[in-house]
Amino acid sequence: MLAAWLLTAAWPPHRTAALDPARMQPEHGQAWALARLPLSRFWYRDSDDGDAPAASALALFEDGEPLGPPHAPHDEIRARGGGAFSHWNHQLWFSTRDGTDPRRNGRRYTIAAPLRLPTAWPWAALLLLGAAVAAPSLGWLRRPGDPLPRLARRGGALGVAAAALLALALAALHALAPTIEQQVPASGPGPIDLFGIRRPWRIPPFCDGRWPERVTGEGALDGVVRFDLPVVPGPGAWIVVGLLLATGQFVRQAPRWLQPRTPAGAGGLLLLLGLVPAAALATAANLAGTLASPLRAPLEALPHPPSFGPRDRPLEWRQVEPQLARRPGEAADDFVRRLTLLVADGTAHAWDRRHARTLRMQVPARENWLLWLAGEIDPQQREYFFVDARRTLERGIGMCGHFAHALGELLAEAGFDARLVQLGGHTVVGVDVDGAPWLLDPDYRVVLPFGLDVLAADPTMAIPAYAAALAHHGIADADARAARVAALCDAAGNRTSSGRPVEDLSPASRRQEALAYALRWPLPLAVLAAFALALATRRRASCARPAAG
């Protein structure tokens, strides 16, 4: 099971299914909707959503020819058609290539999706492996005498052997660096941003990619560029090797500390000992995170300055955190302006997956070892989007969506009606201030005291504010860039979310973050406490024997 999961994560087989014309429903304009796809959740579980707007790898075909672009805004599908489609929240919005009715144009529409096995598979595989290892030992448990020394020798040897075999496999993988084909949308022949946009990369668990310096849109087929990405083991894989080795050596010492009187006790204590090294490592990571803040991203680790130059992020987190709350008697408009500028000055527009660990894009183990582990198992989570607004600001880097989410949530906590607004791919915050709609752009450090409807009628109204903000950062072509950003206010597909920013994130991501922070201390401490209790029980038994004699 574990091998199947690793192989399908890197080289997944694809399944093709035909769409039933009878289930296609006209949505609006040139868009058609299909609420239920002929694809089981066991085979394919990913789809775009507010948390990961480009997570789906589903492909759509018209008479065998691929349609696209994928991940298209729904308003663009409705207005332009041309084959654009979106796989959003497990539903399909699509258009035909020539705008005809897909139910009556006589063409066959199919979808293809790669196999995505559930992440529960590796844990099930480990349980089965443990059962397979324990099965031959059941006979030993029935032999007279203490079974723990025999089990400890066998379990320790297996741990050391597993560490050695895994180390050899990882060394071979590092030397061979096999390639996996990647696909990215291309809107033109120019360079493609591989590192600043979240994409559904195909990378095996516990592995890293050796990213090319440059990929262009030349030779794109139906708006998609394909390139080969070499993959090698990541640091997490070598940590697993060290844990296996430490666990094997630790389990061997079991008879020195513990002496159960029953076979069931021997098996339970051996399982406990196997968890102790991992629990000790998790506790050490928690302590390290308590002693020093692990989240703040070091801008000096960037291979180039942030998007807004060296003046970006002039404030440190310790300067930002005390000022997030609304001051007594502070007017609503003053608070909204101050908070927007505070978020802007405490963060930098920077995102580069080549340095995901150094820039804290992947949650460090010292911050939360459960989220770090989730990122090692699922490489998509290495570009982690925090639900908690304060952790986004503490990390201090991101893109427009990160900062808009953080600002919107802080305003919502303060009692404001704040919502995310999409401007042609750029995310800002819409907020009601004393009954008047405002637009806030914490990425560009801009406050616009009017709503989207006013700006859509005259986008040039935003140019002075954006030009002043860009000049503040020392940007040379401030006026030209300000005009381009302001033009987004009139872009097709602009929309305002229906609820507060956190509601744009999937419920699963919200639950995951809440559980990860709730359990990061109790889980390892429970294991260590159980081990300490077993040691204390052994000492009491040892002290009681002479008296009994």
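Helix α6 has 18 residues and runs 26 Å from its first C-alpha to its last, close to the 26 Å expected at 1.5 Å a residue. That expected span is 1.5 Å times one less than the number of residues. Helices (H or I, at least four residues) and strands (E, at least two) are DSSP runs, numbered from the N terminus. This is a predicted model, in which local features need pLDDT of at least 70 and side-chain atom pairs count only at pLDDT 80 or more, while totals for chains, interfaces and linings use all residues. Residues are numbered from 1 along each chain as its sequence is written, and side-chain values use heavy atoms, with hydrogens and water left out.

**The chain as a whole**

- The chain holds 18 helices and 18 strands.
- Of its 549 residues, 48% are buried; here buried means under 20% relative accessible area, exposed means over 50%, and partly exposed is in between (1.4 Å probe, protein chains only).
- Among contacts with a separation of 6 or more, 68% are between residues 24 or more positions apart; a contact means heavy atoms within 4.5 Å.

- The buried residues of α6 are G236, A237, V241, T247, G248, F250 and V251.
- W238 also sits in α6, which covers residues 235-252, but W238 is partly exposed, with a relative accessible area of 38%.
- Leaving aside neighbours within four places in sequence, W238 is in contact with A167, L170, A171 and P233.
- The C-alpha atoms of W238 and L166 are separated by 8.8 Å, although these residues are 72 apart along the chain.
- G234 is found in the loop between β11 (224-233) and α6, and at 0% relative accessibility G234 counts as buried.
- With neighbours within four places in sequence set aside, G234 is in contact with F206, C207, D208 and R357.
- For G234 and C207, 27 residues apart along the chain, the C-alpha atoms are separated by 4.6 Å.

**Helix α17**

- Helix α17 covers residues 507-519, and its 13 residues reach 18 Å from first C-alpha to last, close to the 18 Å expected at 1.5 Å a residue.
- S509, E513, A516 and Y517 are buried in α17.
- Seen down the axis of α17, the buried residues fall within an arc of 90°, so they line one face of the helix; the arc is that of the directions from the helix axis to the C-beta atoms.
- R511 and L515 are exposed on the other side of α17.
- The packing partners of the buried residues of α17 are α11 (369-377) and α12 (389-395).

**V527 in helix α18**

- V527 belongs to helix α18, residues 522-548, and counts as buried at 17% relative accessibility.
- Apart from neighbours within four places in sequence, V527 is in contact with L272, L275, V276 and A279.
- V527 and A280 are 247 residues apart in sequence, yet 8.8 Å apart in space, C-alpha to C-alpha.

**The cavity**

- The structure holds 1 cavity of 30 Å³ or more; on a 1 Å grid over the protein atoms alone, a cavity is a set of points where a 1.4 Å probe fits but cannot get out, and lining residues have an atom within 4 Å of a point.
- The largest cavity has a volume of about 40 Å³; grid points are joined across faces, edges and corners, and a volume is the space filled by probe spheres set on the points.
- Its lining is made up of L423, V428, L439, L440, D441, L448, L455, Y466 and C489.
- Strand β16 (residues 436-441) gives the largest share of this lining, 3 residues.
- By class, the lining has 8 nonpolar, no polar and 1 charged residues; Ala, Val, Leu, Ile, Met, Phe, Trp, Tyr, Cys and Pro count as nonpolar, Asp, Glu, Lys and Arg as charged, and the others, Gly among them, as polar.

**Backbone spots to look at**

- The peptide bond from G68 to P69 is cis, with omega near 5°, and P69 lies in the loop between β5 (65-66) and α2 (74-80).
- R360 is not a glycine, but has a positive phi of about 65°.
- R360 is in the loop between β12 (348-349) and α11, and is buried at 17% relative accessibility.
- D434, also not a glycine, has a positive phi of about 50°.
- D434 is in the loop between β15 (426-433) and β16, and is exposed at 64% relative accessibility.

Conventions: On a 1 Å grid over the protein atoms alone, a cavity is a set of points where a 1.4 Å probe fits but cannot get out, and a pocket is an open set with protein on both sides within 12 Å along at least five of seven lines; lining residues have an atom within 4 Å of a point.
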